[in-house]
Amino acid sequence: MIEVRNLTKHYGNVEAVQDVSFSVGKDQVLGFLGPNGAGKTTIMKILTGFHFPSSGTALVEGFRIEDNPVEVKKRIGYLPENVPLYGDLTVDEYLTFIAEARLIPASERKQAINTSLESCGLTAYRSRKIDTLSKGYRQRTGLAQAILHDPPILILDEPTNGLDPNQIIEIRSLIKELGRRKTVILSTHIMQEVEAICSQVLIIHEGKIAAQGTPDEIAGTMKGGDTWELIIKGADAGSIHDKLTRLGEITSVSAAQQEDGTTSLTFFVPGGNFSGRDIPAGELIFDWAVAEGVKILGMSRKKLSVEDIFVSLTSDSAAERMASADSNVKGEEQ
């Protein structure tokens with residue numbers, strides 16, 4: 001559906017996007033993540049034909065954006081971060097205007113408007129002026145214009161920005177439903193949103209791709225192992241480290257005695273399994289506990305969240321930039 005090849009974009013001396021390549025397949029929902037200024041919106045504007053790349057290219061259903069911008073726009077529904085609405089129009093009047101601007105034939109406009117209103121839960125609000133709608137329903141109206149021409153691809157830039165928790169749930173549910181029949185690229189700062197909606201994740205930082213794949217794939221590549229959390233009875237926090245070493249290589253052992261006499265135990269298994277063992281780590285941990293006379297009351301393998309991944313991939317260089325800025329400021333003051 002979308003293929004991006006070595007995309008680069010300059011604004012004067014600023015390189016906003018640097019040699020970015022990725023693809024999005026049919027009926028996939030891609031979570032597009034990155035700090036402010038990372039280049040997310042620039043890439044979205046290129047994909048929607050608002051900007052052209054300085055080098056590289058992007059194809060939408062086989063059409064190069066530089067050669068066929070009109071054909072590309074026919075196939076994309078775009079919801080920018082600041083929704084383009086006219087507050088003095090009713091929802092119906094606004095969608096009629098958009099239908100005319102998109103050259104939807106007059107004989108098909110009424111059905112197209114009714115379908116988008118129904119899909120976005122706006123049928124009962126069609127006669128309301130946009131200025132009188134809550135922010136959540138204005139977002140719904142923006143989504144209605146994006147899907148009005150029934151495009152196969154949706155590009156949504158911060159669609160839940162500024163909404164209250166109930167409105168976020170409503171819009172998130174709507175996007176998830178649309179993602180079952182359309183390809184969606186979703187830019188967001190809400191990590192729970194990515195975990196709830198997206199099948200693929202692309203993290204961009206300083207104009208470059210920092211990671212891409214499913215959340216599990218990225219976490220597995222980054223982590224190189226698993227963190228286990230156990231609640232045990234029958235061993236005190238002071239002696240548990242020596243007992244654990246009989247399992248094999250482990251690191252980051254943390255044990256704390258609880259008031260109820262149990263011990264909270266956390267440790268890391270590099271590589272996810274104990275070296276030289278064919279049995280899964282979980283089974284070996286259970287067998288170890290039985291052999292040591294330790295009762296396991298609770299046992300879980302902790303996975304990295306999308307938020308953990310995002311922070312890990314973007315915080316180091318951010319900290320370096322801040323340190324450099326501080327150094328420059330101090331140098332100027334001296």
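Trainee: Let's start with L7. Which residue is its bridge partner in β2?
Mentor: That's V20. Keep in mind as we go that this is a predicted model.

Trainee: Okay. How many bridges pair β1 with β2, and in what sense?
Mentor: There are seven bridges, and the pairing is antiparallel. Strand β1 covers residues 2-11.

Trainee: And what stands opposite I2?
Mentor: I2 faces V24, which is in β2.

Trainee: What sits between the two strands of that hairpin?
Mentor: Two residues separate β1 and β2 there. One to look at is G12 in the turn, with a positive phi of about 65 degrees.

Trainee: What holds paired strands together in general?
Mentor: Strands of a sheet pair through backbone hydrogen bonds, in a parallel or an antiparallel way.

Trainee: Zooming out, what is the strand order in the four-strand sheet?
Mentor: It runs β2-β1-β4-β5, the sheet is open, and the pairing is antiparallel. At the edges are β2 (14-24) and β5 (63-64), each of which pairs on one side only.

Trainee: Which helix packs on it, and which strands does that helix touch?
Mentor: Helix α1, residues 40-47, packs on this sheet and touches β1, β2 and β4 (55-60). The direction of α1 makes about 115 degrees with that of β1.

Trainee: How many bridges join β9 to β10?
Mentor: Five, and the two strands run antiparallel. Strand β9 spans residues 200-205.

Trainee: Let's switch to helix packing. At what angle do α3 and α4 pack?
Mentor: The angle is about 125 degrees, and the axes are 10 Å apart. Here α3 is residues 91-101 and α4 is residues 106-119.

Trainee: Why are those two called oblique to each other?
Mentor: Angles of 65 to 115 degrees count as roughly perpendicular and those over 145 as roughly antiparallel, so an angle between those ranges is oblique. That is the case for α3 and α4. Their crossing is right-handed.

Trainee: Which residues make that contact?
Mentor: On α3 they are V91, D92, L95, T96, A99 and E100. On α4 they are R109, I113, S116 and L117.

Trainee: And how do α3 and α5 cross?
Mentor: They cross at roughly 25 degrees, with axes coming within 10 Å; α5 is residues 135-147. That makes α3 roughly parallel to α5. This crossing is right-handed too. V91, Y94, L95 and I98 of α3 meet T141, A144 and Q145 of α5.

Trainee: How many salt bridges does the count come to?
Mentor: It comes to 13. One of them joins R181 and E177, at 3.6 Å from N to O. R181 is partly exposed at 44%, and E177 is partly exposed at 34%.

Trainee: Which residues are joined into a salt-bridge network?
Mentor: E61, E71, K74 and R75 are joined into one network through shared partners. Within it, the side chains of E71 and R75 meet at 2.8 Å, N to O. E71 is partly exposed, at 24% relative accessibility.

Trainee: Last one: where is N68 found?
Mentor: N68 is in the loop between β5 and α2 (69-74). With 29% relative accessibility, N68 is partly exposed. N68 and G49 are 19 residues apart along the chain, and their C-alpha atoms are separated by 9.1 Å.

Notes:
Residues numbered from 1 in each chain as written. Predicted model: local features only at pLDDT ≥ 70, side-chain atom pairs only at ≥ 80, totals over all residues. Heavy atoms only, no water. Pairing = 2+ DSSP bridges. Contact = heavy atoms within 4.5 Å. Axes fitted to C-alpha atoms, helices over the stretch in contact; angles between N-to-C directions. Salt bridge = Lys/Arg side-chain N within 4 Å of Asp/Glu carboxyl O. Buried < 20%, exposed > 50% of the residue type's maximum accessible area, 1.4 Å probe, protein only. Parallel < 35°, antiparallel > 145°, perpendicular 65-115°, else oblique. Left-handed = near helix turned anticlockwise from the far one by under 90°.
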